[in-house]
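The exercises below are to be worked with the sequence and the coordinates side by side. Each one sets a task and then follows a solution step by step.

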Amino acid sequence: MNMIFTLKKQSIKVFILSFFSFNLLFGTLAPDSFQKLINIFGIIIAAFVALMLIPKLEKNIQELAVKLMLLFFLLGALYSAYQAKFSYFQMNNFRAGIYFVIRISSFFVLIFYIIETGNGKELAKNLFILALIYCLINDALLIPRIKTLKITQGYLLGNKFDVSYMHLEMLVLYIFQGALSQYKKKYIVTLVLYALIISLTVDCITGIMGILFFCIFFFFLPSKLIKKPLLWITLSTLSFVSVFNYSYIVGSRIYQDFFLGSLDRGVTLTGRINIYKKLPTLMSGHWLWGYGPSSSYEVIHNYLNMPNTQNGFWDIILQVGVVSFAFLAILVIYSIHQVDKRNKNFLLALLAMLDTFTVLSIFEITVGASFIGCVLLIAVYSILEDKISPIVE
């Protein structure tokens, strides 16, 4: 009886920590003030967990490498925020930068603690359950008011992009947690169709493309290729340089047939081309440290009267600069290399999601909190593999 009670108590504890972990980087609840309130509690809990972890930390090369790369990325982002403190922008970029850094570090601390204590399978399961719950609640509120919500974009999960990406993440997390225990293929098909229907309902073409790209990466590409850092390096490079080749992209047959014909989108993709023309000039003098975390909207709106850069990698570089982003890129490459080196197929779904976000970043802002969360999950699960109970490979 005491053992059952202890197990239940442990499960509740892990679920609570998983809840705050999920919200720190994957959660997008509206209103934003409600999401921030949840995150503040998560940050406070992470601070206590960090104090518990300090005397128990094992010092191995892989663990130290991940922590150093993450630390340098966060310090660079913080310095970027400090630099932006003296700009004329109305937004308090220094405060926003601190919040950005603390959210990421708190997420890392919580998932590290959960996995390090042998609850990696429970974490994966809980992340899927939370994503599913958020999606179901959002969709239950969405269906009766779909016409109004399409206009106001006042979904529980944020705008139509947030809604679509959360459904994609739910699909990925189901496959991921199933790889640590067991899953049924018929449920994967059901979740793919569910995610597609919701993306169609909210009219998010990017969400539809994201689901299709994920299916291509996960189901059709060889696992050996997915586990190679070279694939991500190639995709991210193509995404970044696409800004310099916008005229060729617009003039291509694929663009003309797909975007103009099938999707009925305008030739400039709602002003993307105008943004791409001016981005290199806008970055002049800000290449090293950017304009500060969370500054993208204000900078692009002030200079170009548009919401953001419309390119994931340019957006994060505009915020934190090349120096900080370089450490994030190194962390991504190192994490993928660890998966390949240790031949950990249970992380394939997360790798495929990483590649999907990278492809979508060519024309949308997908290198953000969820992207970083995905990177950290891959990194921590790969370096703490011995802490995870037997896995179905």
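**Exercise 1. A pair across the chain**

Is D340 buried, partly exposed or exposed?

*Solution.* Before the classification is made, it should be noted that this is a predicted model, in which local features need pLDDT of at least 70, side-chain atom pairs count only at pLDDT 80 or more, and totals for chains, interfaces and linings use all residues. Residues are numbered from 1 along each chain as its sequence is written, and side-chain values use heavy atoms, with hydrogens and water left out.

Step 1. D340 has a relative accessible area of 21% and is therefore partly exposed, given that buried means under 20% relative accessible area, exposed over 50%, and partly exposed in between (1.4 Å probe, protein chains only).

Step 2. D340 forms a salt bridge with K228, with 3.1 Å between the closest N and O atoms; the term stands for a side-chain nitrogen of Lys or Arg within 4 Å of a carboxyl oxygen of Asp or Glu.

Step 3. Because D340 lies in helix α16 (residues 312-342) and K228 in the loop between α10 (223-226) and α11 (229-241), the pair ties together parts that are 112 residues apart in sequence. Helices (H or I, at least four residues) and strands (E, at least two) are DSSP runs, numbered from the N terminus.

Step 4. K228 is partly exposed as well, with a relative accessible area of 37%.

**Exercise 2. Salt bridges within helices**

Find how many salt bridges a search of the whole structure gives, and describe the ones formed by K36 and by E63.

*Solution.* Step 1. The search of the whole structure finds three salt bridges.

Step 1. The side chains of K36 and D32 meet at 3.5 Å, N to O. These residues are four apart in helix α2 (residues 32-53), which means that about one helical turn separates them. K36 is partly exposed, at 38% relative accessibility.

Step 2. E63 pairs with K67, and here the closest N and O atoms are 2.6 Å apart. Since both belong to helix α3 (residues 61-84) and stand four residues apart, about one helical turn again lies between them. E63 is buried at 3% relative accessible area, whereas K67 is partly exposed at 22%.

**Exercise 3. A buried charge**

Determine which side chain of opposite charge is nearest to D139, and which residues are in contact with D139.

*Solution.* Step 1. D139 is placed in helix α5 (residues 120-142).

Step 1. D139 is buried yet has no salt bridge, and the nearest side chain of opposite charge, R145, is 12 Å away; in this count Lys and Arg are positive and Asp and Glu negative, while His and the chain ends are not counted.

Step 2. The side chains of D139 and Y194 are joined by a polar contact of 2.3 Å, that is, a pair of N or O atoms within 3.5 Å, where within protein one must be able to donate a hydrogen and the other to accept it, and residues adjacent in sequence count only if both atoms are side-chain atoms.

Step 3. With neighbours within four places in sequence left aside, D139 is in contact (heavy atoms within 4.5 Å) with H167, Y194 and I198.

**Exercise 4. The whole chain**

How many helices and strands does the protein chain have, and what percentage of the residues count as buried?

*Solution.* Step 1. The protein chain has 18 helices and zero strands.

Step 1. Of its 393 residues, 52% count as buried.

Step 2. Among the contacts in the protein chain with a separation of 6 or more, 78% are between residues 24 or more positions apart.
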